[in-house]
Amino acid sequence: MEKITTAIQLIPLQHYIVLSITLFAIGALGVLLRRNTIIILMCIELMLNSVNLLLTAFSAYHSDPAGQVFVFFIMVVAAAEVAVGLSLIVMMKRNVDSLDINLLSRLKW
Amino acid sequence: MVEFSQLAFFSVLIPVLPLIGFLLIILLSRFLKGNFSGILATSLTGLSFVFSLILFLKHSSGVGNAVEIDLFNWLEVGRLRIPFAFLIDSLSITMMMIITGVGFLIHLYSIGYMKGDERINTFFAYMNLFTTSMLLLVMGANYLILFIGWEGVGLCSYLLIGFWFKNEAYNNAARKAFIVNRIGDLGFIIGIILVFFTFQTLSFSEIFPQLKGMLPNNALIITITLLLFVGAIGKSAQIPLFTWLPDAMAGPTPVSALIHAATMVTAGIYMIARSSLLFNLAPLTLDIILITGMTTALFAATIGLFQNDIKKVLAYSTVSQLGYMFVALGLGVYSAAVFHVTTHAFFKALLFMGAGSVIHALHGEQDIRRMGGLKSKLPYTYFTFLIGTIAISGFPPFSGFFSKDQILMAAWAKHPLIYILGMAGALMTCFYMFRLLFLVFHNSFRGTTHQQEHLHESPRVMTIPLVVLAVLSFAGGFINLPALFGGNLSFSRFLSTSLADGELAFHQISHTQEYLLLMLSFLALLTILLWAAHLYLKKKKLPSEENVKLPAIQNLIYHKYYIEEIYDFCFVKPYTAISLLFSRIIEGKGINAFVDGIGTVFSFGSERFRKLQSGNISFYVFAMIIGILAFLVINLVV
């Protein structure tokens with residue numbers, strides 16, 4: 001455990017932050033701009049994982065295990081979310097034979 | 001103490017019994033079938049009468065003092081303390097006996113008259129409620145209890161006039177009675193408030209002792225008495241608020257007999273008689289009462305001369321007789337007014353129920369031009385109606401003679417002109433009553449053959465009350481024999497414990513003068529009677545049909561001096577116009593516009609805002625991210 005922490009600390013914290021921001025921005029833009037539901041789901045995962053990365057980095061730098069525990073929780077939730085999201089996508093495919101997110105606006109009253 | 005509590009028990013039972021009847025009938029009306037509700041209502045009223053009688057006997061055998069029965073403290077706010085109390089004295093006992101006694105007979109009669117009506121249970125419930133309210137009115141020991149009864153009888157009058165509410169004209173008549181009465185009640189309630197501000201109490205027993213040292217013509221007392229008189233004008237149908245009473249004939253005939261002849265309309269007279277000490281301090285008010293009463297008596301009598309509806313004739317006759325009672329009040333002979341209330345209750349209830357019997361026999365016909373010759377077919381009705389007619393006309397020794405004579409003698413003592421005017425009214429009464437009698441019962445029948453075939457005397461349950469009342473109408477006068485006939489005005493003396501008669505009551509006209517006046521009036525009445533007989537029996541004159549053109553004066557009177565039209569023009573039309581103005585401008589353009597405006601603004605705004613919710617997820621996320629960034633920027637900047 002000590003080793004990993006020191007290994008992480010070899011790279012300056014700024015790099016982690018920039019990488020995380022870049023990943024998060026890619027995810028956010030993907031959610032905003034793409035219309036394919038699967039890609040949107042993947043982008044959401046990307047955003048979650050960028051946050052996970054940042055949490056781990058901070059946790060290592062501050063020697064506080066709470067951040068890492070939190071990451072596990074996020075992973076569990078992400079797994080559940082993917083399960084629900086993919087089943088929704090399957091239903092969508094079956095019903096409207098398309099993955100275009102904009103078609104879902106029909107669900108609006 | 002035992003004696004007192006027994007008395008209290010009896011006097012509480014008297015108004016409570018009809019109340020029980022009302023509650024039972026109204027709550028169980030679904031289960032009561034046929035005559036049962038009538039029998040229940042009648043027997044409870046009869047029981048009330050028995051208790052009134054017991055109370056009377058106890059009262060007259062005892063000292064004859066007024067007893068106040070304090071039941072509980074009803075209202076207590078600051079200086080205002082209103083006990084729920086009954087005042088049992090000679091005046092209230094007299095009124096109680098009239099109400100329950102005549103009321104019992106009319107209830108009995110109603111069993112026959114209302115038979116088969118689909119809402120008969122409701123009818124008897126209302127009749128019992130009326131009896132309770134009227135008893136509360138006369139038994140109350142302060143003005144507020146009196147006022148509860150006053151409003152209660154007004155309500156019952158409204159309910160019973162509009163009893164056949166499916167007929168719109170009847171409904172309008174009921175509303176008219178209620179609204180016209182409200183005008184009088186407004187004056188009455190202001191008077192009551194003023195009484196409280198002046199005397200700091202509303203109880204009779206606490207007000208009247210305060211009057212002892214007061215000088216007459218106090219402006220405050222005059223105002224109070226005038227306001228109370230306004231209330232009496234409305235309830236007792238005097239000019240200018242008399243128009244509701246003839247219309248009130250829309251109700252079933254027993255209602256007309258009970259409410260609009262025998263009891264409720266005399267409430268105003270009772271109230272003034274009860275406040276006699278107050279009125280004695282206001283000679284100005286008494287003069288106004290005298291003038292109003294006399295005008296009403298003559299005015300209504302002239303209208304009665306030309307009416308063709310059997311009940312309308314009796315209605316105008318009632319207004320006229322009430323005018324007489326007000327003349328008596330105005331003269332300060334309160335006991336004579338109460339005496340006339342008593343005898344009038346007997347013979348007017350009798351006449352109304354006789355008329356009801358005729359209407360019953362003719363299946364609802366009320367036009368005297370379609371009657372005639374009923375003498376042989378309705379012998380009981382005819383005979384009792386004849387007695388009632390003689391009594392109201394004032395032929396000795398029938399009851400009407402004594403009560404009218406007492407008023408007229410007091411009038412003579414005041415001023416001969418008042419006597420002459422009163423006599424003129426009495427002569428007109430004699431004429432229109434005999435005209436009615438002759439047209440209805442004599443000559444040959446003028447209705448349809450169908451009606452003629454079905455002519456029948458009313459059942460026993462209706463004729464028995466008629467006979468009892470006929471006896472009372474004949475003999476009722478002997479309770480107050482004047483000195484001239486060897487009596488000593490025992491009724492007036494009985495009442496003197498609760499009334500303060502003016503000096504005219506036990507007047508000192510010489511007996512020869514009194515004798516002469518009586519002979520004169522008797523001869524005049526006889527002449528009028530013969531004249532009426534000549535016109536309607538010998539020449540068989542008939543009132544003209546609706547479309548025949550009448551001479552100007554007769555036309556004017558036939559149309560009731562166009563009073564209704566004048567009121568309509570002066571009050572109803574402007575009122576409707578103002579109401580329309582309010583409903584169209586204030587309500588339509590003001591209030592509605594404001595309320596609708598609020599709705600319009602919100603629905604307009606919502607219509608725009610709902611566009612935001614497009615269902616486009618990309619847009620939602622975009623908005624969310626913009627929002628987060630905005631928070632971020634603000635956080636950094638600030």
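## The β-hairpin of chain B

In this predicted model, the hairpin formed by β1(B) and β2(B) has 2 residues between its strands, and Gly78(B) takes a positive phi near 60° there. The two strands, β1 with residues 67–77 and β2 with residues 80–88, pair in the antiparallel sense over 9 bridges. Within this pairing, Phe72(B) stands opposite Phe84(B) of β2(B).

## Helix α15

Helix α15 of chain B runs over residues 334–361, and its 28 residues reach 40 Å from the first C-alpha to the last, close to the 40 Å expected at 1.5 Å a residue.

Glu457(B) lies in the loop between α19 (449–453) and α20 (460–475) of chain B. Although Glu457(B) and Leu378(B) are 79 residues apart in sequence, their C-alpha atoms are 4.8 Å apart in space. When neighbours within four places in sequence are left aside, Glu457(B) is in contact with Lys377(B), Leu378(B), Pro379(B), Tyr380(B) and Thr381(B). Glu457(B) counts as partly exposed because 17 other C-beta atoms lie within 10 Å, a number between the limits of 12 or fewer for exposed and 20 or more for buried.

## Backbone features in other loops

Two cis peptide bonds to proline can be described together. The bond from Ile239(B) to Pro240(B) is cis with omega near 5°, and Pro240(B) has its place in the loop between α8 (219–235) and α9 (244–247). Pro396(B) and Pro397(B) are likewise joined by a cis peptide bond, with omega about 0°, and Pro397(B) is found in the loop between α16 (379–393) and α17 (399–414).

Positive phi values also occur in residues other than glycine. Asn443(B), in the loop between α18 (416–441) and α19, has a phi of about 60° and is partly exposed, with 17 C-beta neighbours inside 10 Å. Tyr562(B), in the loop between α23 (552–558) and α24 (563–609), has a phi near 55°, and this residue counts as exposed because 12 other C-beta atoms lie within 10 Å.

The domain assignment of chain B gives domain 1 (307–543) and domain 2 (562–637), whose centres, taken over C-alpha atoms, are separated by 67 Å.

Between the chains, 9 residues of chain B are in contact with 9 residues of chain A. On the chain B side, the residues that touch chain A divide into 4 nonpolar and 5 polar, with no charged residue.

Notes: Residues numbered from 1 in each chain as written. Chains lettered and ligands numbered in written order. Predicted model: local features only at pLDDT ≥ 70, side-chain atom pairs only at ≥ 80, totals over all residues. Domains from an automatic or database assignment. Pairing = 2+ DSSP bridges. Helix = DSSP H or I, 4+ residues; strand = E, 2+ residues; numbered from the N terminus. Contact = placed C-beta atoms within 7 Å. Nonpolar A, V, L, I, M, F, W, Y, C, P; charged D, E, K, R; others polar. Expected span 1.5 Å × (residues − 1).
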